[in-house]
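This briefing concerns a single protein chain. Please view the sequence and the structure together before reading the points that follow.

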Amino acid sequence: MKTKAEDRFEWAVEACRARKFRFTVALTEVLRCLSAERLPINWSDLAKRPAVARLCDPTTVFRIISRLESMGIVRRVGLHSRHTHYVLSAPGDCADYLICKACGDIRDLPVDCPLSGVEAGIEAKTGYRTLFHELEVYGICPECQNPPAATGGTKARSSKSAARKRAAAAEPGRCLSCNPIALSEIK
Ligand SMILES: [Zn+2]
Ligand SMILES: [Zn+2]
């Protein structure tokens, strides 16, 4: 199931309030970005988002994320990349990802959740409640299978981050999660 960004944000604010997490503009903006972002995000990428960067430095962002993680509001997703990725632990969200082992590209699994019917059965058989699952399917993305001859496989990554930077420049101050980049821009 895919919950709405506003519902995720509301849940996150409530969860912070219940745990007496002191609200700051930076915390609110981090929660807003994480609510809009369905895919796990690298904390340093989050810190570079214009809407976040204008409010606080990367150290503060890391501190906020760590706090949110210790409270169970965000969780780490175990990806094999240099930086740790985080995702909001909003209830009812299906977390199924397709991940490139070469460049670390993460996308939603492009099929209906293969476990959607299974959880109800597990609940009925075991008495467990509020089940959730994470499914990480690894492979090599088309770009990494055919890297441009002259530049090699890392180019795909840098052109992607260049596309993100261009998108950020196009609308300064706006969270990139709310301003998704067209797929054609990334390719
Ligand atoms: Zn790749
Ligand atoms: Zn799923």
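The model is predicted. Its protein chain holds nine helices and six strands. Of its 187 residues, 22% count as buried.

**Overall make-up**

**The largest nonpolar core**

- The largest nonpolar core comprises 27 residues.
- The residues with the most contacts inside this core are Ala-12, Val-30, Leu-34, Leu-46, Val-61, Ile-65 and Val-74.
- Two or more core residues come from each of helix H1 (5–18), helix H2 (25–36), helix H3 (43–48), helix H5 (58–70), strand E3 (85–88) and strand E4 (95–100).
- H2 supplies the largest share of the core, namely five residues.
- Leaving aside residues up to four places away in sequence, Ala-12 touches Leu-31, Leu-34, Ser-35, Ile-73, Leu-88 and Ala-90.

**The crossing of H2 and H5**

- The axes of H2 and H5 come within 10 Å and cross at roughly 70°.
- An angle from 65 to 115 degrees counts as roughly perpendicular, and H2 and H5 are therefore roughly perpendicular to each other.
- The crossing in which H2 passes H5 is right-handed.
- On the H2 side, the contact is made by Ala-26, Leu-27 and Val-30; on the H5 side, it is made by Thr-60, Val-61 and Ile-64.
- By residue class, the contact of H2 with H5 contains five nonpolar residues, one polar residue and no charged residue.
- Val-30 and Val-61 belong to this contact, and both are listed among the residues with the most contacts inside the largest nonpolar core.

**Cys-16**

- Cys-16 is located in helix H1.
- A residue needs 20 or more other C-beta atoms within 10 Å to be buried, and 12 or fewer to be exposed; Cys-16 has 19 such neighbours and therefore counts as partly exposed.
- Apart from residues up to four places away in sequence, Cys-16 touches Phe-21, Phe-23 and Ile-73.
- Ile-73 is also touched by Ala-12.
- Cys-16 and Leu-27 are separated by 11 residues in sequence, and their C-alpha atoms are 9.6 Å apart.
- Leu-27 is one of the H2 residues that make the contact with H5.

**Positive phi values**

- Most residues other than glycine have a negative phi.
- Lys-20 has a positive phi of about 60° although it is not a glycine.
- Lys-20 lies in the loop between H1 and H2, and with 7 other C-beta atoms within 10 Å it is exposed.
- Thr-130, likewise a residue other than glycine, has a positive phi near 45°.
- Thr-130 belongs to the loop between helix H6 (118–126) and strand E6 (134–139).
- With 8 other C-beta atoms within 10 Å, Thr-130 is exposed.

**Helix H6 and the residue after it**

- None of the nine residues of H6 is buried, so this helix lies largely in the open.
- H6 is followed by Gly-127, which has a positive phi near 80°.

Note on methods: Residues numbered from 1 in each chain as written. Chains lettered and ligands numbered in written order. Predicted model: local features only at pLDDT ≥ 70, side-chain atom pairs only at ≥ 80, totals over all residues. Core = buried A, V, L, I, M, F, W, Y, C linked by C-beta atoms within 7 Å. Helix = DSSP H or I, 4+ residues; strand = E, 2+ residues; numbered from the N terminus. Contact = placed C-beta atoms within 7 Å. Axes fitted to C-alpha atoms, helices over the stretch in contact; angles between N-to-C directions. Parallel < 35°, antiparallel > 145°, perpendicular 65-115°, else oblique. Left-handed = near helix turned anticlockwise from the far one by under 90°. Nonpolar A, V, L, I, M, F, W, Y, C, P; charged D, E, K, R; others polar.
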